[in-house]
Amino acid sequence: MVKICCIGAGYVGGPTMAVIALKCPKIEVVVVDIFEPRIIAWNSDQLPIYEPGLDDVVKQCRGKNLFFSKDVEKHVAEADIVFVSVNTPTKTQGLGAGKAADLTYWESAARMIADVSKSDKIVVEKSTVPVKTAEAIEKILTHNSKGINFQILSNPEFLAEGTAIQDLFNPDRVLIGGRETPEGQKAIQALKDVYAHWVPAERIICTNLWSAELSKLAANAFLAQRISSVNAMSALCEATGADVSEVSHAIGKDTRIGPKVLECKCGFWWIVFPEGYLELGLYLRVQWPQRGCKLLETGRAGDTRETPAIGVCQGLLGDKAILSIYDPQVPQELIQRDLSMHKSELDKPPHLRPVNSVAIEQVTCVGDAYEAAKGAHGICILTEWDEFKTLDYKKIYNNMNKPAFVFDGRNVVDIEKLRQIGFIVYSIGKPLDAWLKDMPAVA
Ligand code: NAD
């Protein structure tokens, strides 16, 4: 029986390994992590991350051929294939601060693999890393190898949070890069055999190591350019009365352009323009400095670190707004904790984030959307949970301060219906409400 061990039980390691275990019942998969609470959560009914379909997958194979353990060294030593899916945050200090990836976690994982291994292994780069990281890792492994043969493969992950299970079940492609030696090709074939359990052969692309590493970075860069273009287009839509959904549909029909990643949502804005934390937030800041503002929803998939919501909330808090926050999936303690942190601390793995027990006085977390909106001047919708589409907005309106605003950062509400109720509605990339057109310009 092939044994796989994955170092890092995060957003990539957990779902990816769960799907491998489900699709390959004859392979034993152990996901290990140094952060014990995460392992405890993976072994419980309350998984540490929310992804549609993930619960089902884990339930089907946990305890059979899928295991989660904090015993990192033991399982690495026993494995034939070791995936490394640790976090690679942006460096916050030293050379390359703010730009380069921090490979500390990767390097310590590689040193540990070299220390504990007693048999040949394939080591798979799953994390997103700079090109040539595999070479550095190879050096660490071979200089400490005691005669053990390590083959390094690059197998970058392309899943998106929120659709992880769907992406893993039906990937556009699986990319595997390895050395062009006979041993390297054998290692590529071994990993190809794993994916071949459910991914059609023509979707498994095999390349040299550097092409695989670079392809992940290149794909991210191309996506960022596209998002950036959609953002610019949505600003034009708001200024001209055009509708971003109609424009996206029209240009997406061009086969050279295609329809994907043409939606305009505030999450995308945050990724590309984190410093200008949304027009959405700016409107609110202009309208309600020192006054009340309430938010529906903070994050997506339980991963609040890179969500626009944290940036919007922090900006509003800076302007002394009072926030009432509801999220159907993110625990209230996590919302409070993340809001109290600086962005650089949020990038760290959970066990290295400072424990912050000081609740922010301006923030209340509540258990339902109606409660969140009670007495508010405005509502921000920052992710597209289905329940936000079907809320009784009339009831919400009746319980709000007037004029009542809706800032829809994900284009989920029926704008006309809400305007008929009496709301002033701002929806990203849509023609502006007459009232908002008269807003003072914000730099
Ligand atoms: P994450 O922070 O959710 O999880 C990483 C885990 O690794 C943490 O639980 C941490 O405790 C653990 N870890 C760190 N060092 C360790 C060590 N030495 N031994 C054992 N465990 C250790 O990160 P993630 O979101 O899963 O991302 C992992 C990698 O995949 C990153 O390089 C990321 O850029 C890349 N990636 C992420 C996504 C995504 O959507 N999250 C998509 C594609 C690629």
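**Getting to know helix α5**

Keep in mind that this is a predicted model, so let's begin with confidence, because pLDDT is the predictor's own score for each residue, from 0 to 100. The chain averages a pLDDT of 84, with 84% of its residues at 70 or more. Over residues 267-295, though, the pLDDT is below 50, even though the model gives this stretch 83 contacts beyond near neighbours in sequence. Residues 297-302 also stay under 50, with 35 contacts beyond four places in sequence. As for the scores of the model itself, ipTM comes out at 0.98 and pTM at 0.80.

Now head over to helix α5, which takes in residues 104-116. Its 13 residues, at 1.5 Å each, should span 18 Å, and since its end C-alpha atoms sit 18 Å apart, the two values agree. Which residues of α5 are buried? They are Y105, W106, A109, A110, I113 and A114. These buried residues pack against β1 (3-7), α4 (72-78), β4 (81-84), β5 (121-125) and α6 (133-143).

Let's zoom in on A109, which lies in α5. Why does A109 count as buried? Because it has 24 C-beta neighbours inside 10 Å, and 20 or more is what the label takes. Leaving out residues up to four places away in sequence, A109 touches I7, V84 and V86. Take V86: 23 residues separate it from A109 along the chain, yet their C-alpha atoms are 8.1 Å apart.

Methods:
Residues are numbered from 1 along each chain as its sequence is written. This is a predicted model: local features need pLDDT of at least 70, side-chain atom pairs count only at pLDDT 80 or more; totals for chains, interfaces and linings use all residues. Helices (H or I, at least four residues) and strands (E, at least two) are DSSP runs, numbered from the N terminus. A residue is buried if 20 or more other C-beta atoms lie within 10 Å of its own, exposed if 12 or fewer, and partly exposed in between; C-beta atoms are placed from the backbone. Two residues are in contact if their C-beta atoms, placed from the backbone, lie within 7 Å. The expected span of a helix is 1.5 Å times one less than its number of residues.
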